[in-house]
Amino acid sequence: MTRGDGRLNHDILPGETGPQDSCGVFGVWAPGEEVGKLTYYGLYALQHRGQESAGIATSDGERVLVYKDMGLVSQVFDETALGSLTGHLAIGHTRYSTTGASKWENAQPTLGGTAHHTIALAHNGNLINTSELRGLLSARHVDGFGTAGGELRRGNTTDTAIVTSLLGSRAEDVSLEEAAMEQLPLVKGAFCFVFMDEHTLYAARDPQGVRPLVIGRLERGWVVASETAALDIVGASYVREVEPGELVVVDEQGLRTRRFAEPEPKGCVFEYVYLARPDTTIAGRGVYEARVDMGRELARQHPVEADMVMPSPESGTPAAIGYAEESGIPYGQGLVKNAYVGRTFIAPSQTIRQLGIRLKLNPLRDVIKGKRLIVVDDSIVRGNTQRALVRMLREAGAAEVHVRISSPPVRWPCFYGIDFASRAELIATGIDVEGVRRSVGADSLGYISEDGMIAATHQPREQLCTACFSGTYPLGVPDDQAVVLDPAHA
């Protein structure tokens with residue numbers, strides 16, 4: 001599939017998928033602007049955070065209209081659809097499923113509300129107390145989910161629909177703002193919510209701030225988005241991050257904030273390693289610069305004599321540049337990527353499928369032949385991609401292939417919004433680095449240390465979540481998942 005920023009290194013084998021973030025969210029309050037189109041472009045900038053479905057909700061002050069479907073942002077919306085999405089505020093969502101199957105019923109934004117008020121909500125993250133929240137809904141409604149159940153009654157199986165129903169189950173004389181202040185402290189896990197009613201835009205971030213969420217200023221309004229890159233594309237100036245445990249409210253009175261929980265920052269370190277766009281800034285640190293520094297540290301920790309440093313296209317590029325700068329070994333491109341092989345390409349025949357990686361990458365044989373190569377990538381998940389890449393480089397004439405990874409071994413699943421392989425599928429589970437090296441067929445393999453990775457983010461260790469590397473889960477895990485963890489890591 002084509003990622004929003006063109007990165008393909010974890011999707012270069014037919015049927016092989018790498019770590020996927022759950023979603024990207026966007027919201028805008030801007031009377032007089034084409035809020036539907038602004039949201040479309042904001043989602044386009046966030047396409048890398050989810051490629052299964054996309055949706056936009058708008059309000060003109062009297063009614064909320066939602067348009068959503070399966071597919072990429074550019075496939076879901078056209079001029080006709082966007083022309084109908086008018087009003088003064090909008091929210092948008094691009095989805096990759098973590099809870100709930102990949103089907104139309106689970107596309108976002110989700111709808112809920114009462115007979116007199118509508119709520120539309122978009123969510124980035126993953127909750128860990130879904131069963132508890134579902135129990136709260138059952139306790140409030142004799143028939144299960146009542147009128148506030150909305151999409152739950154129509155087959156939506158996501159944690160997002162449950163939160164939407166909770167917020168919509170308020171009494172008629174209770175505002176959505178007050179309902180949010182009551183309900184948000186009950187929600188546990190990783191969440192960035194962007195939601196709206198007919199008149200007001202809201203945004204909220206979990207007390208740990210696991211996923212990024214930022215505020216931007218337009219000439220005639222305000223924007224909230226998962227990444228600063230989405231602010232750039234719509235011409236909004238960066239103001240600040242939504243703080244952990246903060247509710248942001250935007251209406252005709254302007255922007256105001258309220259705190260529903262005390263902050264306990266635990267930002268996801270994998271945003272710096274792979275998930276976020278390189279042109280995004282998180283907690284004051286540019287993601288591109290962080291990745292270059294990871295490459296420099298990788299060169300210091302795992303030097304090797306070689307003729308060329310090359311990336312595994314394309315998210316390995318910044319770290320490869322850093323490795324080359326620190327080592328003094330020339331940087332080069334050993335592979336050419338076909339940018340036009342995307343999500344909808346025709347399924348390959350068996351013969352072509354056996355060629356695998358060549359559907360999307362082709363080696364520059366004259367550059368590779370006889371060379372000792374250092375191949376830099378951001379992570380190894382199952383190992384299939386790296387195994388195929390090493391084989392292809394050897395077939396193209398590489399004398400040696402040394403693999404360097406700008407994150408530690410991924411040994412644990414994520415319950416906070418990233419869909420890794422299961423623990424049984426993670427190549428680093430149960431074997432050491434030498435075992436991984438033999439499996440992928442490299443001449444040598446080196447991972448950056450956890451300390452080195454964290455240092456490159458410029459964030460305090462105690463304010464980062466490293467669960468996928470360390471097995472330490474700062475928010476706990478869902479009750480039904482505790483059995484998969486060693487008691488020491490639960």
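Me: Which residues touch the most other members in the largest nonpolar core?

Reply: In soluble globular proteins, nonpolar side chains tend to be buried together. A nonpolar core here is a set of buried Ala, Val, Leu, Ile, Met, Phe, Trp, Tyr and Cys residues joined through side-chain atoms within 4.5 Å, and buried means under 20% relative accessible area (1.4 Å probe, protein chains only). In this case the core has 47 residues, and Phe270, Val309, Val376, Tyr416, Phe420 and Met453 touch the most other members. Keep in mind that this is a predicted model, where local features need pLDDT of at least 70 and side-chain atom pairs count only at 80 or more, while totals for chains, interfaces and linings use all residues. Residues are numbered from 1 along each chain as its sequence is written, and side-chain values use heavy atoms, with hydrogens and water left out.

Me: What is Met453 in contact with, leaving aside neighbours within four places in sequence?

Reply: Contact means heavy atoms within 4.5 Å. For Met453, the partners are Val269, Val273, Met294, Ser407, Pro408, Ile448 and Phe469.

Me: Which residues does UniProt list for "binding site"?

Reply: UniProt positions follow the numbering used here, with feature names shortened, and annotations may be inferred rather than shown by experiment. The unreviewed entry lists Ser315, Asp377 and Asp378. They span 64 residues in sequence, yet no two of their C-alpha atoms are more than 7.2 Å apart, so they gather at one spot.

Me: Is Asp377 buried or exposed?

Reply: Asp377 is buried, at 2% relative accessibility. Asp378 is buried too, at 0%.

Methods: Buried means under 20% relative accessible area, exposed over 50%, partly exposed in between (1.4 Å probe, protein chains only).
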